[in-house]
Amino acid sequence: MLSSEELVDRDLSGTRAGARYYAAIVDNLLAIVFALGCAQFLPIDDDMVRGLSAYVFYLLYYAASEGAFGTTPAKWYFSLRVVDLDGRKCGFSRAVLWTLGRVFDANPLFLGALPAAILVWVTPKRQHLGDFFGKTLVVHKRDVRQSDD
């Protein structure tokens, strides 16, 4: 098991940045499909409420998958995991905090994912706002404790 500094040092090779970027794109598409699919079956006539419900389902895609598995489907495909600063699976409370960061740094009203990308690029541990909220890191699967797979 590696320390958070070692996890970050390993992650700076550039390949992880590409994997994280592609995983973010795929996860965003999957979350949108999940959210719209779920919202469509709600017995609600009000479009505003249905839209807000879709946004909640969108956020739930991330919080539930990362809380339960420490990864999303796209992060899993790209061998990425969300871990706490000790390298363990993040758990539900950290996953919810991680996801709340998306409201601010990956929001179309706030320049899309540009704030998140800038933060990942300029912070020493390659963290976006949600990582700061949840005290988490996104790392390669090989650097996660085996019991957390």
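The side chain of T71 reaches the backbone oxygen of L80 at 2.9 Å. This is a predicted model.

Reader: Happy to start with that threonine! Where is T71 found?

Author: T71 sits in the loop between α3 (47-69) and α4 (73-77).

Reader: Is T71 buried or exposed?

Author: Buried means under 20% relative accessible area. T71 counts as buried because its relative accessibility is 6%.

Reader: Which residues does T71 touch, not counting those up to four places away in sequence?

Author: With those left out, T71 touches S65, E66, W76, L80 and R81. L80 is also the residue whose backbone oxygen the T71 side chain reaches.

Reader: Let's turn to a helix. How should I read the sides of one?

Author: An α-helix has 3.6 residues a turn, so residues three or four places apart point the same way. Now take α5, which covers residues 91-105. Its 15 residues reach 21 Å from the first C-alpha to the last, close to the 21 Å expected at 1.5 Å a residue.

Reader: Which residues of α5 are buried?

Author: A95, W98, T99, G101, R102 and D105 are buried in α5. They lie on the same side of α5, because they cover an arc of only 145 degrees around the axis. On the other side of α5, F92 and S93 are exposed.

Technical notes. Residues numbered from 1 in each chain as written. Predicted model: local features only at pLDDT ≥ 70, side-chain atom pairs only at ≥ 80, totals over all residues. Heavy atoms only, no water. Helix = DSSP H or I, 4+ residues; strand = E, 2+ residues; numbered from the N terminus. Expected span 1.5 Å × (residues − 1). Buried < 20%, exposed > 50% of the residue type's maximum accessible area, 1.4 Å probe, protein only. Arc of directions from axis to C-beta. Polar contact = N/O pair within 3.5 Å; in protein donor to acceptor, adjacent residues only side chain to side chain. Contact = heavy atoms within 4.5 Å.
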